[in-house]
Amino acid sequence: MIDMRDAAGEDRVLVLYKSYFRDRTGQRAGEVGTFLDVSELKRKEAQIVHQATHDELTGLPNRMGLRQRMEDHALRGGPDARLAVLYLDMDNFKTVNDSLGHMVGDIYLQQAAEQMRQMVRPQDTLARVGGDEFVVVLQDVQDERDAAQVAERLLARFTDPVRVQEHELFVGTSVGIALFPDDGDDPDTLVRNADIAMSRAKEHGKRRYHLFTPAMNERAMRRLLLEGDLHRALAAGDITAHYQPRVDLNTGLITGMEALARWTRADGTQEHPAEFIPLAEATGLIVPLGEHMLRLACARTRALLDAGHADLHVAVNLSVHQFRHPNLVGMVADVLAATGLPPSLLELEITESTIVTDTDHTIRKLNQLAEMGIALSVDDFGTGYSSLYQLKNLPLTSLKIDRSFISDIPDDPNDAAIAATIITMADRLGLRVVAEGVETPEQLNFLLLEGCHEVQGFLFSRPLPPDDFTALLARGRRLTVPRDEGGGI
C-alpha cells in the first residue's frame, strides 16, 4: 500500500497488485504491476471508524473512542506512569432540556464541550460519554493534587452563567476523580470509579469534586442492591405512610399531619428514609413512590373524615422530579377523585429548589393546583435560594421552617434570629408558619412567643403507623406537653 499525493495536491492511497509471466520453458521471466486507487474506500472506512468512535453533536470521542485512546496511549506509559480520569456531569442540564427544549440543550453542550476543550492540554483526552456526561483523561499527573487543580478550574468555569440564544443558563457541574494505577488499571474500572466519585460529589451538594476511594465502591454496590430491593418493595406495597401530627400553637389541637414514607422489610428491619429517598430521586422511582404516598395519605385522611375527624389536613411532600412531571396536576386530580378526599384537606409541600429551577413553569403549575382548592407550602424554608419576589408571586398558604434552625434555639442567637425573621416575613406575606423538628419545651415557648402558628416534632409525637395515629386521635385532638418556666401551651 502506497501513500502519495497527485498533481492536484490530493492525497491518494494506491495498492499494488503483481502478476508474473513465464517463458517457454516455464521459468519466471518477469512481472507486471497494476496500481489500484483505493483512496475513496479508505476515506469511507475512516469515516465509519470516526462515526463509531466519536460523538456526532460535539465531535469529541465517545465512550468507545475514549476506551480506545486509553488503551492505545494513556495506559502504556510504564509502571511509573500516572494519569487521572475526571468524570463530569452537568448538575441541572435535565432542567434545561425539560423546560427549554433539546435544541437549546444541544447548543449548550456544544458550547460546554468547546470550553472544556480549551482547558485541557493537547496530550490529554476529552470525551463525551453520555447525554450531559464528559470524561477528561489527564496524562502525566504527579498526584491527586494535579487532578484536583484541573477539577477546580472546571468547576469555576461552569459556575458562571452561559448564554444560549436569549436564555442565561446556570447549570454547573460535579466532578469525580479516579487515579491510575491506584483506583484501577484498566479503562473500564477507572471510568466507572470516577463515575462513582462524581455521584458522591452530587450527594454532598453538587458543584464540587470528589476523589474515589474503595469505600465508595462498596457504597455503590450497596446502592445497586438497594435499588433492586426498592423496586420490589414498591411493587409489593412494603413502603407505607406514617403520620406525624401538626399542632396549632394557639389551641393545642391537632390540625393535621404530615405523611412520611417508611419502608419495613420482610424480616422486620427498617430502611432509613435518608437512604432510600435520595436513591428514589436519583433513579426516577420517586415519581411512582410519590403517587403511592399521595394515594395512601388521601385514602387515610378520607377514612378519618368518615370516622368523624373533621377538618384534618394531610401534608404530602412533592419532590422536584415529581413537580416537573408533565402529568402531575392530572395525577393529583385522579387521586383526589379516587379517594373522595376534599381538595381543601390536602396540602402539597414543595422545596425551595423547585421554586428557583423554572419560576414561570412553577407559577403556572402551582396556580393549577391552587385553583383546585389544594393548599401549598414551601418545605425546609431557609435552606434554599428562593427570593421574596418569587414567594410574593406564588399561591402559597404556608412556610415550614427547616429543623436545622429549630434544633439550637433559643440558645443559638443566629438560629433564633433566622426563625424569628421567617415568622415575621411570612406574617407580612399572609402565610402561616409551621416549625418542624420541635423537641423541647424551650423551643416550643420561643416559637409561641414569636407568633409561629403550627409545630410538629418529637415533643408531641414521632411519626406513627396509621392505626397508632388513629388511636392518638381517639384519645382527643388536644395534646399536652411539658411546660418550661416561660409558659407554653
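This is a predicted model: local features need pLDDT of at least 70, side-chain atom pairs count only at pLDDT 80 or more; totals for chains, interfaces and linings use all residues.
Residues are numbered from 1 along each chain as its sequence is written, and side-chain values use heavy atoms, with hydrogens and water left out.

We can start with the whole chain. The protein chain holds 18 helices and 19 strands, where helices (H or I, at least four residues) and strands (E, at least two) are DSSP runs numbered from the N terminus. Its radius of gyration is 31 Å, well over the 23 Å that the globule rule gives for 489 residues, so the chain is more spread out than a compact globule. Here the radius is taken over C-alpha atoms, and the globule rule is 2.2 Å times the number of residues to the power 0.38. Along its principal axes, the C-alpha trace spans about 120 × 50 × 50 Å.

Of the 489 residues, 45% count as buried; buried means under 20% relative accessible area, exposed over 50%, and partly exposed in between (1.4 Å probe, protein chains only). The chain exposes about 24,700 Å², of which carbon and sulfur atoms supply 51%, with accessible areas coming from the Shrake-Rupley method with a 1.4 Å probe and, for residues, only the protein chains shown counting as cover. Contact is defined as heavy atoms within 4.5 Å. Among contacts between residues at least 6 apart in sequence, 65% join residues at least 24 apart. As for charge, the mean positions of the 51 positive and 74 negative charges are 5 Å apart. Lys and Arg count as positive and Asp and Glu as negative, while His and the chain ends are not counted; each charge is placed at NZ of Lys, CZ of Arg, CG of Asp or CD of Glu.

Two strands are taken to pair if DSSP finds at least two bridges between them. Valine 15 has leucine 36 in β3 as its bridge partner. The two strands form a hairpin with five residues between them, and glycine 26 in the turn has a positive phi of about 95 degrees.

With a relative accessibility of 0%, leucine 88 counts as buried. Beyond its neighbours within four places in sequence, leucine 88 is in contact with Met116, Asp132, Glu133, Phe134, Val136, Leu154, Thr173, Ser174 and Val175. Between the C-alpha atoms of leucine 88 and leucine 431, which are 343 residues apart along the chain, the separation is 41 Å.

Strand β17 (residues 398-401) and β18 run parallel and are joined by four bridges, with leucine 399 partnered by valine 433 in β18. On β18, valine 434 has glutamate 454 in β19 as its bridge partner, and β18 and β19 pair in the parallel sense over three bridges. Four of the five residues of β18 are buried, so this strand is largely enclosed by the rest of the structure. In helix α17 (residues 441-450), Pro441, Gln443, Leu444, Asn445, Phe446 and Leu447 are buried. The buried residues of α17 pack against α15, α16, β18 (432-436) and β19 (454-456). After α17 comes glycine 451, with a positive phi near 95 degrees.

Several backbone details in loops are worth a look. Most residues other than glycine have a negative phi, and most peptide bonds are trans. A cis peptide bond joins phenylalanine 180 and proline 181, with omega about 5 degrees; proline 181 lies in the loop between β9 (173-180) and α6 (187-203). The bond from isoleucine 409 to proline 410 is cis, with omega near 5 degrees, and proline 410 sits in the loop between α15 (403-406) and α16 (413-428). Lysine 206, not a glycine, has a positive phi of about 65 degrees. This lysine 206 is found in the loop between α6 and β10 (209-211) and, at 34% relative accessibility, counts as partly exposed. Aspartate 311, not a glycine, has a positive phi of about 55 degrees. In the loop between α9 (286-306) and β14 (313-317), aspartate 311 is exposed, with a relative accessible area of 56%.
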